[in-house]
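The points below may be read alongside the sequence and the model.

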Amino acid sequence: MVSIGSKALPSRRRRTCGFMEDSLMGEENVLYKRGKGKKGMNRKYSRERHGFDGDNSNRNVSGRMSDRSMTAGKSSKYRSTSASQTTLVRKQVEPETAKYFLEITNLFEGGGVDLEERSVICGNALEETRGKEFELATDYIISHTLQTLLEGCDVDHLCGFLRSCAKDFPLLAMDRSGSHVAETAIKSLARHLQENDVYSVVEETLTILCEVVVANAVDLMSSCHGSHVLRSLLCLCKGATIDSSEFHVTKSSTVLAERLNFKASLMEEDYSPHQLGFPDLLKFLVSGMIKFTRKDFKTMEVDQFSSLVLQTALKLLVGNDEVLLHVIPILLGRNKEYIGEGNFIEISAVREVVYLMKENSFSHLMEVILEVAPEILYNEMFTKVFKNSLFELSSHHCGNFVIQALISHARRQDQMELIWKELGPKFMNLLEMGRSGVIASLIAASQRLHFHEHECCVALAAAVCSADESPRYIVPRILFLDNYLYCEDKSSWSWPSGVKIPVMGSLILQAVFRYQTEHIQPYITSIASMEADHVLEAAKDRGGAAVIEAFLSSDASAKLKRRLVMKLRGYFGELSMRSSGSFTVEKCFNASNMSLREAIVSELVAVQSELSKTKQGPHLLRKLDVDRFATRPDQWRSNQASKQSAYKEFYDTFGSSEAKLSKNDGFLADTSTQSSRPKDLKEMRKEIDHHLSSGVPFLSMSGNKYKPKKADQHGGKYAKISVDDDNMKAKSKKLKKSAAAAGEMTENVDSSQKLNQPFNKMEKKRQRKDTQSNASKKKLKA
């Protein structure tokens, strides 16, 4: 074995070579087995990682590549047969070289190498790869060792390795093993960027790599391995986190969240790179890719791997409208140079684009195009490409996702008008075809743009419930949308007990309950009329619980909310033990009056010990103050009353005339009116909760919008501002008074006790002083 002192590992050339090839093969097999259980190698042996093929037909029993020639990579089935491919014959790795890297692996696995020695060893070992980088990186066994070396070396040796193999980098990136080495090198560059004085050397290395990559863009983009490396290189140039799924593969759940207004889209977020980037190199890389692959676009846009590269590039260009306005029209078939606004898209290419949107890979690309396109380009696409084709594309199993993206990123009400004109009368058709995602996107867009809100609600209800049927069927049928729609006899359909609630039906109803009350009265009536066992079953299901929570957070009247909560009595303890049910219990508590709140907390007291051991239990117990209810119920009631009193006083002081909280709408009352409260009231409640619990006066956190000007300017306005300031001060005093009354919202037991006792003590003390004072006066008079 190798002895390590203060110096690095001795050069391989100083070692003796007395190893037979058969013994070497045996050692490689041992290393292979050892590597299978080793973590951090970024590779799976039993199954390839996502996006990589699992073809092992060209490998021998030791895991090496066979001696046959290696080509640049397999062509996609859509690739042109005339595409040029470079052929390179990889030499067999010498046994002496293989033994050298095997000993390095054994050295690192044995431990005992400190960080400084490790860096030097890695650097010296990388020097031994000069001129042989491609053979070593594409070897199934040695590639693992190279990854370790690239992770542990300094930036100079890392950049030296990449510059030395730059001419073969595309071939290396398209190899099954070499792609892992290439990605490890790119990730190591990203980590080194956090160090000082390395930017220039990294930029120089990346410039060399980008020039080679651009010249081989067609082969790299069409390779399952090369495309993944290319996407990582794009992220590095942007300064984005390379492993982030945001720029690689967007999860369907994330897309749904954006389309239903549950999450801000990439365009709406204030994106800032996590580290230093290379904007000029990113622009050069993307522009070069477009230039060198332009003649192959028709085949590459429908290729899975090329589409993924283009999607990543477009996402990384968000905010760079100049480049986007150049790239996107080319992707949509524009051959002529841009000659002015309104000419980004050629009319002759429209039908072909519509046809391509029915293909899987291009439909994914088109979704990203609609997400990142500057407004001027989006508007032109909307008018030229999609107008009069919305229902045609919505009916297609791939095209409907493009329409969902189009609707989700609509900018103006006139666009929403056109969408409604083509799709509004087709709700029933779309649902029967299984295109409920289009309906959900349309509902969310109408909320966001405040247009056709009532019409959307009416159309959805009419699609699942005829005019002569009771509205109580609406919510159950939407919850189990596919189950109902595919039922042969819809008139005899009933709640399918024991069936998991589908995601889409849950999401649609969550979106519906975000509408104002006047638009969703049939839905409110329906959910409030559900049978108790159905409510309980829904509450135990994650999707159903989300719908119940959305209803309890809506603008529906407190009376109808309590009607639903009453149906869960006796089961709050059971629900609280579920991870999703604990949130439902909290929502039920917030929507309840005093008697219902006591009933909920009483049920939690019975399971307090078990609940405290769950992940969500401590938060729920603390939020509902269960321990205080169990030990001092009168104090718990007093605290709840004080908290609501503070809310009321705040709303009376600062709320608008529409936001005034009526006596019947609070939890202290058993009945309520049908009037709904605006959404800003919920925000006010959150704000008052935060500031009262933190002990910071609410007004101290907000700036004064009415800063007075100089006295000698605009005297009349200054007087008016002074009056406004006086009013604000008066309101501030009222707020401080309400905050003092609600100080028990801090969850400190000692402070909560002070809220219930000191006022009585102070009053008694004052009375004693008054009595003593009066007695003294009488004595003086006498």
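**Notes on salt bridges and helix packing**

1. K384 counts as partly exposed, at 24% relative accessibility. The model under review is a predicted one, and the values in this note should be read accordingly. The side chain of K384 meets that of E380 in a salt bridge, at 3.0 Å from N to O. E380, by contrast, is buried, with a relative accessible area of 7%.

2. Both E380 and K384 belong to helix α19 (residues 375-386), where they lie four residues apart, about one turn of the helix. In general, an α-helix has 3.6 residues a turn, so residues three or four places apart point the same way.

3. How many salt bridges does a search of the whole structure find? The search finds nine. Among the residues involved, R351, K358 and E392 are linked in a network of salt bridges.

4. A further salt bridge joins the side chains of K540 and E574, at 2.8 Å from N to O. This pair links distant parts of the chain, 34 residues apart: K540 is in helix α30 (residues 532-540) and E574 in helix α33 (residues 572-576). K540 is partly exposed, with a relative accessible area of 28%, and E574 is also partly exposed, with a value of 36%.

5. The side chains of D625 and R628 likewise meet in a salt bridge, with an N to O distance of 3.2 Å. Is R628 buried or exposed? R628 is buried, its relative accessible area being 4%.

6. Turning to helix packing, the axes of helix α31 (residues 542-552) and helix α32 (residues 558-566) come within 10 Å and cross at roughly 150 degrees. An angle over 145 degrees counts as roughly antiparallel, and α31 and α32 are therefore roughly antiparallel to each other. On the α31 side the contact is made by I548, F551 and L552, and on the α32 side by L560, K561, L564 and V565. By class, this contact has six nonpolar residues, one charged residue and no polar residues.

7. Helix α28 (residues 503-512) contains S506. Eight of the 10 residues of α28 are buried, so this helix is largely enclosed by the rest of the structure. The buried residues are G505, S506, L507, I508, L509, Q510, A511 and V512.

8. S506 itself has 3% relative accessibility and counts as buried. Which residues does S506 contact, leaving aside its neighbours within four places in sequence? They are G543, A546 and V547.

Methods
Residues are numbered from 1 along each chain as its sequence is written. This is a predicted model: local features need pLDDT of at least 70, side-chain atom pairs count only at pLDDT 80 or more; totals for chains, interfaces and linings use all residues. Side-chain values use heavy atoms; hydrogens and water are left out. Axes are lines fitted to C-alpha atoms, for helices over the stretch in contact, and angles run from 0 to 180 degrees between N-to-C directions. Helices (H or I, at least four residues) and strands (E, at least two) are DSSP runs, numbered from the N terminus. Angles under 35 degrees count as roughly parallel, over 145 as roughly antiparallel, 65 to 115 as roughly perpendicular and the rest as oblique. Contact means heavy atoms within 4.5 Å. Ala, Val, Leu, Ile, Met, Phe, Trp, Tyr, Cys and Pro count as nonpolar, Asp, Glu, Lys and Arg as charged, and the others, Gly among them, as polar. Buried means under 20% relative accessible area, exposed over 50%, partly exposed in between (1.4 Å probe, protein chains only). A salt bridge is a side-chain nitrogen of Lys or Arg within 4 Å of a carboxyl oxygen of Asp or Glu.
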